[in-house]
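Please read it alongside the sequence and the model.

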Amino acid sequence: MVKTKVEEAARNAEYPLFIPFIMAGDPDPDTTVELAMQLQEAGAHILELGIPYSDPLADGPLLQRSAARALEQGMSLQRAMQLVPKMRDKGVTIPVIIFTYFNPVMRMGEELFLDQVNEMGADGVLIPDLPYEESRDIEKKAAERGLANISLVAPTSGARIEKIAQEAEGFLYCVSSLGVTGTRDSFPPEAYTFIEKVKANSKAPVAVGFGISTPEQVDNLHGVCDGVIVGSAIMKKVEECTSLMQDPEKRTKALADIKSFVSSLISS
């Protein structure tokens, strides 16, 4: 099988493989494009572009607020994907993953969705509410277009953990703990046991998400996994800086502050 750009980026990255998540359209589409560039400069290897959805199953309160703000501005799956070529024009070269729930995909149609992902210059898809067993068709169609279909594995995956891990492509999104997204002070011992099991069975690089918010957490995962996925901590900073970014005189510094914060998470 031909390696996707996502797989190449994931395998070539030294620890930590850094995969930030941002919500498309929060606080506005132009800022989303600028944030993508700032994150690349901060050291991101792959970018997850979140599609705002009205009924997210795994998003905590912070990402729910972020999605609500984006939806209020009319952000949609189609409009979000149209931000990718703007990111490319800005200078973003790292792989971009479209992170969306399945309902918008079903409404658009799987074939058209994947065609659009490809045509807009994104490199893969991640659909968190599509069960592994029901994702085989999308995985096949994505592969035909040179796109990665990213799998998730969680503590509740049970006996399916080994199969999901062994067949993962690009990278494997390892959900660190039960519950929804959000920052956490620390991970319980059983989380490390779970991550180690996933890592032992995965042929693809393993990136841990849900709760990564401090440099100490990233350091503690060194040797346990290949990298981290950070979403809520970044969007919390975006939320805090929104008013500053809307002020032309303060916008540049606000974006620089977000970049500096993100850099601090992954610098050792």
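Is Glu 139 buried or exposed? Glu 139 is buried, with a relative accessible area of 15%, where buried means under 20% relative accessible area, exposed over 50% and partly exposed in between (1.4 Å probe, protein chains only). This is a predicted model, in which local features need pLDDT of at least 70, side-chain atom pairs count only at pLDDT 80 or more, and totals for chains, interfaces and linings use all residues. Residues are numbered from 1 along each chain as its sequence is written, and side-chain values use heavy atoms, with hydrogens and water left out.

**Sheet**

- Nine strands make up an open sheet with parallel pairing, in the order S5-S4-S3-S2-S1-S9-S8-S7-S6.
- Strand S5 (148-149) and strand S6 (151-153) are at the edges with a single partner strand each, so one side of each has no neighbour in the sheet.
- Helices (H or I, at least four residues) and strands (E, at least two) are DSSP runs, numbered from the N terminus; two strands pair if DSSP finds at least two bridges between them.
- Strand S8 (residues 206-209) runs parallel to strand S9 (residues 227-230) and is joined to it by two bridges; Val 208 has Val 228 in S9 as its bridge partner.
- S1 and S2 also run parallel, joined by three bridges, and Ile 22 has Leu 49 in S2 as its bridge partner.
- In a regular strand the side chains alternate between the two faces of the sheet.
- In S2, Leu 47 and Leu 49 point one way, Glu 48 and Gly 50 point the other way, and all are buried.

**Helix H2 and its contacts**

- Helix H2 (residues 29-42) packs on the sheet, where it touches strand S1 (17-23) and strand S2 (47-50); contact means heavy atoms within 4.5 Å.
- The direction of H2 makes about 170° with that of S1; axes are lines fitted to C-alpha atoms, for helices over the stretch in contact, and angles run from 0 to 180 degrees between N-to-C directions.
- The axes of H2 and helix H5 (residues 83-90) cross at roughly 50° and come within 9 Å.
- H2 and H5 are therefore oblique to each other, since angles under 35 degrees count as roughly parallel, over 145 as roughly antiparallel, 65 to 115 as roughly perpendicular and the rest as oblique.
- On the H2 side, the contact is made by Pro 29, Thr 32, Val 33, Glu 34, Ala 36 and Met 37, and on the H5 side by Leu 83, Lys 86, Met 87 and Lys 90.

**Helix H8**

- Glu 139 is in helix H8, and the buried residues of H8 (residues 136-144) are Ile 138, Glu 139, Lys 141 and Ala 142.
- These buried residues pack against helix H6 (102-108), helix H7 (110-119), strand S4 (124-126) and S5.
- Not counting residues up to four places away in sequence, Glu 139 touches Asn 149 and Glu 169.

- Ala 10, in helix H1 (residues 5-12), is buried at a relative accessible area of 4%.
- Leaving aside neighbours within four places in sequence, Ala 10 is in contact with Leu 17, Ile 46, Gly 170, Phe 171 and Pro 205.
- The C-alpha atoms of Ala 10 and Val 206 are separated by 9.0 Å, with the two residues 196 residues apart along the chain.
- Ser 202 lies in the loop between helix H10 (189-201) and S8 and counts as buried at 14% relative accessibility.
- Ser 202 is in contact with Ala 165 and Leu 172, leaving aside its neighbours within four places in sequence.
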